[in-house]
Amino acid sequence: MKGNISDEILDEIDLDILRALQENGKLTTKELADRVHLTTSPVHERQKRLEELGYIKKYVAVLDPKKLGCGMIVLCNVRLKQHSKENGLHFVESINSMEEVTDCWNTSGEYDFMMKMYVRDMDHYQDLVLNTLGEIDSIGSLHSIFVMAEVKRSNSFPMNLSR
């Protein structure tokens, strides 16, 4: 598979570039070159290669949900009514169209899926459950967990695991 670590071994400079960009995706090529102790040309080439190989998926701004009025985080475990390809696809398609759902994982164990959602308040959550999630026929049950405080939030991959 193209971009798989087994196809192309990253050297320490590649990993340093990835670490630096995880900290600040707005670094200029010059700033990035200074951090990894190379000139701008090879750093630019390496960064483009890392993008083309899929190590860098995209560059984004990390927003503050509280400042945007959606500081309430809900983790929602979902059990499907029935395990079938059709039900699974219907659920996934429905969830992908919901802006409030920022993450969704297919899980093993007691529940089939776990979602992370941002809502304005409890009224918004109730409306979402009754009028949006409640309309998804493939859902058998929901179990919601309300986050009281965010202890750690990271958008970074732990680079020490890549070796």
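Predicted model: local features only at pLDDT ≥ 70, side-chain atom pairs only at ≥ 80, totals over all residues.

Trainee: Okay. Is His37 buried or exposed?

Mentor: A residue counts as exposed when its relative accessible area is over 50%. His37 has 70%, so it is exposed.

Trainee: And what can I say about the phi of His37?

Mentor: General idea first: most residues other than glycine have a negative phi. Here, His37 has a positive phi of about 60°, and it is not a glycine.

Trainee: Let's look at a helix. How do I check the length of H1?

Mentor: Count residues and multiply. The expected span is 1.5 Å times one less than the number of residues. Helix H1 covers residues 12-23, which is 12 residues, so it should span 16 Å; its end C-alpha atoms are 17 Å apart, and that agrees.

Trainee: Which residues does Arg49 contact?

Mentor: To find contacts that the chain order doesn't simply hand you, skip neighbours within four places in sequence. Do that for Arg49 and you get Glu8, Leu10 and Asp14. Arg49 sits in helix H3, and with a relative accessible area of 24% it is partly exposed.

Trainee: Where is Glu51, and what does it touch?

Mentor: Glu51 is in helix H3 too. Leaving out residues up to four places away, Glu51 touches Ile56 and Tyr59. It is partly exposed, because its relative accessibility is 23%. For a distance across the model, take Glu51 and Phe91: they are 40 residues apart along the chain, and their C-alpha atoms are separated by 31 Å.

Trainee: Phe91, got it. Which residues touch the most other members of the largest nonpolar core?

Mentor: The general idea is that in soluble globular proteins, nonpolar side chains tend to be buried together. The largest nonpolar core here has 18 residues, and Phe91, Ile95, Met115, Met117 and Leu133 touch the most other members. Elements giving two or more residues to this core are E1, helix H4 (85-96), strand E3 (113-119) and helix H5 (122-131). E1 gives the most, with five residues. Another core lies apart from this one; it has 14 residues, among them Leu15, Leu27, Ala33 and Met159.

Trainee: What does Met117 touch?

Mentor: Again leaving out residues up to four places away, the list is Met72, Ile73, Val74, Cys76, Glu100, Val101, Tyr125, Leu128 and Leu133.

Trainee: Is Asn77 buried or exposed?

Mentor: The cut-off for buried is under 20%. Asn77 has 9% relative accessibility, so it counts as buried. It belongs to strand E1, residues 72-80. Outside its sequence neighbours within four places, Asn77 contacts Tyr111, Phe113, Met114, Ser141, Leu142, His143 and Ile145.

Trainee: Last one: how do I read a pocket?

Mentor: Ask about space, lining and class. The second largest pocket holds about 180 Å³ of space. Its lining includes Asp64, Gly71, Ile73, Tyr118, Val147 and Arg153. By class, the lining has six nonpolar, one polar and four charged residues.

Trainee: And where does Val147 lie?

Mentor: In the segment after strand E4 (139-146). Val147 is partly exposed, because its relative accessibility is 29%. Val147 touches Ile73 and Leu75, not counting residues up to four places away in sequence. Val147 and Gly71 are 76 residues apart in sequence, with 9.8 Å between their C-alpha atoms.

Definitions and conventions: Residues numbered from 1 in each chain as written. Heavy atoms only, no water. Helix = DSSP H or I, 4+ residues; strand = E, 2+ residues; numbered from the N terminus. Buried < 20%, exposed > 50% of the residue type's maximum accessible area, 1.4 Å probe, protein only. Contact = heavy atoms within 4.5 Å. 1 Å grid on protein atoms, 1.4 Å probe; cavity = no way out; pocket = protein on both sides within 12 Å on 5 of 7 lines; lining within 4 Å. Points joined across faces, edges and corners; volume = space filled by probe spheres on them. Nonpolar A, V, L, I, M, F, W, Y, C, P; charged D, E, K, R; others polar. Core = buried A, V, L, I, M, F, W, Y, C linked by side-chain atoms within 4.5 Å.
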